[in-house]
Amino acid sequence: MGGGLTSHKDRARRGGRRSRDSLRASEHQQQQQQQQQNDRKPATPCTDFDVAYFHSYAHVGIHEEMIKDRVRTETYRAAIMQNQSFIEGKVVVDVGCGTGILSIFCAQAGAKRVYAVDASDIAVQANEVVKANNLTDKVIVLHGRVEDVEIDEEVDVIISEWMGYMLLYESMLGSVITARDRWLKRGGLILPSYATLYMAPVTHPDRYSESIDFWRNVYGIDITCDLANVILLVAVSAMMPLAKQCAFEEPSVETITGENVLTWPHVVKHVDCYTIQIHELESIATTFKFKSMMRAPLHGFAFWFDVEFSTPAISPANNHIPPVVVGSSNNHPMDGCQKKKRANPNEALVLSTAPEDPPTHWQQTMIYFYDPIEVEQDQLIEGSVVLSQSKENARFMNIHLEYASGGRSFVKESVMR
């Protein structure tokens, strides 16, 4: 991850440079693949930013952090076992396989073949992990981008842990979409199947105090009334804007609790992994209107997400029927609505990063104001937010936030890098 995130900024997302030696294919397959490559549209070029991003995923610490996240890893394993009847004897592609753990779970669930794709050099270790587990007959590690590697057959299942902070940071969902459009059989299964990004106003006096209020009282000196310390008063006054800028200019990834949240969350974006297109990720906009449930200082907005692993209502082997998911018409919040509780929670397995749920390494993403707003119970908080891919680097996210409450309006611009 780039250096812009506050306190938790070592996690980047998957990828890396292509290694031709690791693309397994016979001479006949290579000829077919070359013809297919000639017939299809050219892949999106790999930029220097992509190379740096991929390189960051070669570090074992990033994968250790993700695998140690038991909520994440055990939910994925549960989703694989819950969908074993759709995986057993079928062909799977794991987009951004990392160390290969999800690919191995799929092989253990009876997959006929798993293509484990990763552009980072961690793919070399993934191949060794596959060998150590005696699964080379089932798991084929492809070292390269999804946009570049070739798979000489359609696949029944796509699995990927593509979610970044604030769900869409790092733009890895585009690789899942590319894999879907290149290889997935009609009626095939995508895990996770749906994702929803939420936001809510929050109060967080402890965080504000430790970052800002420290400067109001330096080692017990009362700078407001001691004329002998007028120089210190000037110095501290000068420090306050800088302290606020350093603490709150950019998004912060941290853990809050349900007690910090002032009202029900708002759905910023609902993602249907079967139908979403890459161009839809370029910019996402929503308007919001909240009513505070309590009197408290409003310090900013928190963002988090859920992903849902849904069981298809029809066999993914049926090539003539489009994907249909149990509860798809009733179970998914629409963009822009407020969510009070999960509808029909027993119908699908959900991995949640909400403040009230067990913590994950994604935590929550906070957009803090430079100065809090005092809100009363039932006071309206309204505005809009636009999330757009940075022109500098599509893996970065520009955040344009407009908000108003109590007759005052504000604008906050930040970049997640």
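This is a predicted model: local features need pLDDT of at least 70, side-chain atom pairs count only at pLDDT 80 or more; totals for chains, interfaces and linings use all residues.

1. Of its 14 residues, 13 are buried, so β10 is largely enclosed by the rest of the structure.

2. β10 pairs with β6 in the antiparallel sense, and nine bridges join the two. β6 itself covers residues 194-202.

3. β10 also pairs with β12, again antiparallel, over seven bridges. Here Phe 303 has Thr 365 in β12 as its bridge partner. The span of β12 is 364-375.

4. A further antiparallel partner of β10 is strand β11 (residues 349-352), with four bridges between them. Leu 351 in β11 is the bridge partner of Val 307.

5. A separate item is the open sheet of four strands, ordered β9-β13-β14-β15 with antiparallel pairing. Its edge strands are β9 (283-291) and β15 (408-416), each of which pairs on one side only. From one strand to the next, the twist averages 15°.

6. Within that order, β13 and β14 (residues 397-405) are joined antiparallel over eight bridges. Ser 384 stands opposite Glu 402 in β14. β13 spans 380-389.

7. Which peptide bond is cis, with omega near -5°? The bond is the one from Leu 191 to Pro 192. Pro 192 lies in the loop between β5 (184-191) and β6 (194-202).

8. Asn 134 has a positive phi, near 55°, although the residue is not glycine. Its place is in the loop between α7 (122-132) and β3 (139-143). Asn 134 is exposed, with a relative accessible area of 63%.

9. Asp 378 likewise has a positive phi in a residue other than glycine, here near 75°. The loop that holds Asp 378 runs between β12 (364-375) and β13 (380-389). Is Asp 378 buried or partly exposed? Asp 378 is partly exposed, with a relative accessible area of 48%.

Terms used. Residues are numbered from 1 along each chain as its sequence is written. Side-chain values use heavy atoms; hydrogens and water are left out. Buried means under 20% relative accessible area, exposed over 50%, partly exposed in between (1.4 Å probe, protein chains only). Two strands pair if DSSP finds at least two bridges between them. Axes are lines fitted to C-alpha atoms, for helices over the stretch in contact, and angles run from 0 to 180 degrees between N-to-C directions.
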